[in-house]
Amino acid sequence: MSLKSWFHRFGSAPFVYRLCAALSPWFAGLAGILIVIGLVGGLGLAPEDYLQGDSFRIMYIHFPAAAIGMGGYVAMAFAAAVGFIWHLKIGHAAAAAIAPLGAVFMTLALITGAIWGRPTWGTYWEWGDARLMSSLLLVFLYLGYMALRAAYEERDKGDRVAAILAVVGVVNVPIIHYSVNWWNTLHQGSTVTRMDPTITGDMLWPLLFTLFGLGLLFAWMLMNRLRGEIVERERHTRWLQEYLTGLPQ
Amino acid sequence: MATISEYFAMGGHGSYVWSAYGITLLVLLLSGWAASQRHRRALREARRAGGPAQPARQPKVTEL
């Protein structure tokens with residue numbers, strides 16, 4: 001398939017809408033299975049940490065939430081950029097669908113991190129800590145994107161202005177990742193996302209399950225939100241009205 | 001049942017571990033529900049907007 005026809009197909013709202021409809025039950029089911037296996041491993045089978053005891057088990061949600069929150073931001077900025085550059089509405093719709101979910105996941109990372117911090121660092125929160133501040137900023141970037149879009153009466157204008165914020169904000173993602181190397185922070189250094197992971201295999205495999213499981217859950221929610229965005233934008237089109245008449249009331 | 005309560009105590013870290021998991025479960029349930037609701041609400045509104053096919057967005061005509 002040529003690049004142009006690929007673009008044409010994935011830029012087509014009815015195609016993306018139906019693709020999401022077909023994929024979403026599979027994503028939900030697989031997410032459930034992976035998360036259950038990951039939790040059995042993480043809460044049951046993995047040995048306790050030699051230094052942190054059992055509190056490290058918070059990692060099985062904290063790490064995926066943060067990774068998905070950061071990855072989601074890059075995806076949102078990419079989608080918004082595609083929408084901006086090629087005037088592709090589906091790009092803006094995808095970015096708009098990602099924003100609230102990314103904010104939720106990143107907030108979860110902050111909350112679970114604070115709870116983990118209490119027994120580990122002796123404090124829930126430390127103002128001025130580089131890892132904590134850059135992560136909090138990411139939540140505000142998500143919220144800023146949403147607020148900016150909502151501030152314009154004309155949807156196209158809001159999409160385009162907010163896309164600029166989304167793209168500029170992307171620099172914060174590597175800052176979060178490298179903050180533990182660049183500054184003194186309470187946060188531990190990387191043990192998973194490095195060339196030579198220092199985490200033991202017994203602790204690692206359940207993490208991969210919860211990571212991919214929560215990733216699929218994120219994607220499932222994203223597909224539902226994207227379908228909502230598409231329906232809202234296309235409500236007067238023939239294909240959607242035909243689709244609606246085919247639906248049971 | 002000492003072993004089960006020992007397990008839930010998580011070596012003294014039980015309140016941290018379980019509250020983190022509990023909050024996460026609650027937040028994810030809510031946001032999954034909200035995502036489905038977003039789609040359903042849009043479908044409802046589109047049905048109400050109804051009518052035969054019109055152009056996706058009609059240019060605004062300003063009165064002179």
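Over all chains, the structure holds 13 aromatic pairs, a pair being two rings of Phe, Tyr or Trp (its six-membered ring) with centres within 6.5 Å; planes under 30 degrees apart count as stacked, over 60 as edge-to-face and the rest as tilted. One of them is edge-to-face, because the rings of A:Trp125 and A:Trp127 have centres 5.5 Å apart and planes at 75°. A:Trp127 counts as exposed at 66% relative accessibility, whereas A:Trp125 is partly exposed at 24%; here buried means under 20% relative accessible area, exposed over 50% and partly exposed in between, with a 1.4 Å probe and protein chains only.

A tilted pair is formed by B:Phe8 and B:Trp18, at 5.4 Å centre to centre and 45° between the planes. B:Phe8 lies in helix α1 (residues 2-9) of chain B and B:Trp18 in helix α2, so this pair ties together parts 10 residues apart in sequence. Helices are DSSP runs (H or I) of at least four residues, numbered from the N terminus. Ring pairs also link B:Tyr7, B:Phe8, B:Trp18 and B:Tyr21 into a cluster.

I turn to charge. Helix α2 (residues 14-49) of chain B contains B:Arg40, which is partly exposed at 43% relative accessibility. B:Arg40, B:Arg41, B:Arg44 and B:Arg48 gather in a surface patch of positive charge; patch residues have over 30% relative accessible area and no salt bridge, with like charges joined within 9 Å. A salt bridge is a side-chain nitrogen of Lys or Arg within 4 Å of a carboxyl oxygen of Asp or Glu.

Finally, this is a predicted model: local features need pLDDT of at least 70, side-chain atom pairs count only at pLDDT 80 or more, and totals for chains, interfaces and linings use all residues. Residues are numbered from 1 along each chain as its sequence is written, chains are lettered from A and ligands numbered from 1 in the order in which they are written, and side-chain values use heavy atoms, leaving out hydrogens and water.

Conventions. Patches are made of residues with over 30% relative accessible area and no salt bridge: like charges are joined within 9 Å, nonpolar side chains (Val, Leu, Ile, Met, Phe, Trp, Tyr) within 5 Å. Accessible areas come from the Shrake-Rupley method with a 1.4 Å probe; for residues, only the protein chains shown count as cover. Lys and Arg count as positive and Asp and Glu as negative; His and the chain ends are not counted. The place of a charge is taken as NZ of Lys, CZ of Arg, CG of Asp or CD of Glu. Helices (H or I, at least four residues) and strands (E, at least two) are DSSP runs, numbered from the N terminus.
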